[in-house]
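Colleague: I would like to learn how to read a model like this one, feature by feature. Can we take the strands, then the rings, then the core?

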Amino acid sequence: MEARRAELVAERTFDGVESIHGVTFDGQAVWFAHGDRGDLVSVEPETGRVLRRLKAPADAGVAFDGRHLWVVGGGKIRKIEPGTGAAVGEVPGFDATPVTGLAWADGALYAGLGRQKKILKIDPERGTVLRTLVSDRLVTGVTWADGDLWHGVMRDEGGAPSELRRVDAQGGEVLDRIALPEGVSLSGVEADASGRLWCGDPATGKLRAVKKPRKAV
């Protein structure tokens, strides 16, 4: 399947942000984790205006369940109160060290495991793995958009660009491929309500929005 070119519709930069890891959307604001200091930042998607900065263990994936943020940091997935940054729970017995992306759907967490090239569906209450999907590339961010599972893949040393991929949520088969511009790194991925896929860049700290394409026939 040939990859289609990404249509970039927005690009944001932020003072003091040199790398972006996990990205999520809470219905109004885009959140992202950045740096190695454990910062969570929420921004207005239309303007890039910073709305809130929280100190929390956050060095990889971020997800939103409708009320709380789920954040990867220090080998754990913690449940965070978005108003204060306080941890109010965590996924028990799950080693999140290899997790590079996180999404929430239907009461479950979906975790991308970068170098293991996998996506795990996790029970957040028990920490058990409910399903394993396998990729052929390094998996970064994970998101759901209009009932479809998407994930990012990082550009590799062989010259293959970063991509956004729509995959079958049951078996992991690739259904669509969107290639980002050459040289662009890709970390967190999250869909918003207006048909955009927000992509973090771990190398430059830029937050880009890609127009979500119509499904490939």
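This is a predicted model: local features need pLDDT of at least 70, side-chain atom pairs count only at pLDDT 80 or more; totals for chains, interfaces and linings use all residues.

Colleague: Which strands form a hairpin with six residues between them?

Modeller: β9 and β10 do. Strand β9 covers residues 76-80 and strand β10 residues 87-90. They pair in the antiparallel sense over three bridges. R78 stands opposite E90 in β10. In the turn, G85 has a positive phi of about 85 degrees.

Colleague: Now the sheets. What is the strand order in the open sheet of four strands?

Modeller: Read across the sheet, strand by strand. The order is β11-β12-β13-β14, with antiparallel pairing. β11 (99-105) and β14 (129-134) each have a single partner strand, so one side of each has no neighbour in the sheet. From one strand to the next, the twist averages 20 degrees. Inside the sheet, five bridges join β12 (residues 108-113) to β13 (residues 118-122). Y110 stands opposite K121 in β13.

Colleague: Next, the rings. How many aromatic pairs are there?

Modeller: Check the distance between centres, then the angle between planes. The count is three aromatic pairs. In one of them, F14 and F32 have ring centres 5.1 Å apart and planes at 40 degrees, so the pair is tilted. F14 sits in the loop between β2 (8-12) and β3 (20-25), and F32 in strand β4 (residues 30-34). They are 18 residues apart.

Colleague: Is F14 buried or exposed?

Modeller: F14 counts as buried, at 8% relative accessibility. F32 is buried too, at 0%.

Colleague: What geometry do Y110 and W144 show?

Modeller: Edge-to-face: 5.2 Å centre to centre, with 70 degrees between the planes. Y110 lies in β12 and W144 in β15 (residues 139-145), so the pair ties together parts 34 residues apart in sequence. Y110 is buried, with a relative accessible area of 5%. W144 counts as partly exposed, at 22%.

Colleague: Last, the core. Which residues have the most contacts inside the largest nonpolar core?

Modeller: I77, F94, L102, L109 and I122. That core has 15 residues. Then ask which strands supply them. β8 (69-73), β11, β12 and β13 each supply at least two. β12 gives the most, three residues.

Colleague: What is I122 in contact with, leaving aside its neighbours within four places in sequence?

Modeller: I77, V91, F94, A108, L109, A111, G127, T128 and L130.

Note on methods:
Residues are numbered from 1 along each chain as its sequence is written. Side-chain values use heavy atoms; hydrogens and water are left out. Two strands pair if DSSP finds at least two bridges between them. Axes are lines fitted to C-alpha atoms, for helices over the stretch in contact, and angles run from 0 to 180 degrees between N-to-C directions. Rings of Phe, Tyr and Trp (its six-membered ring) pair if their centres lie within 6.5 Å; planes under 30 degrees apart count as stacked, over 60 as edge-to-face and the rest as tilted. Buried means under 20% relative accessible area, exposed over 50%, partly exposed in between (1.4 Å probe, protein chains only). A nonpolar core is a set of buried Ala, Val, Leu, Ile, Met, Phe, Trp, Tyr and Cys residues joined through side-chain atoms within 4.5 Å. Contact means heavy atoms within 4.5 Å.
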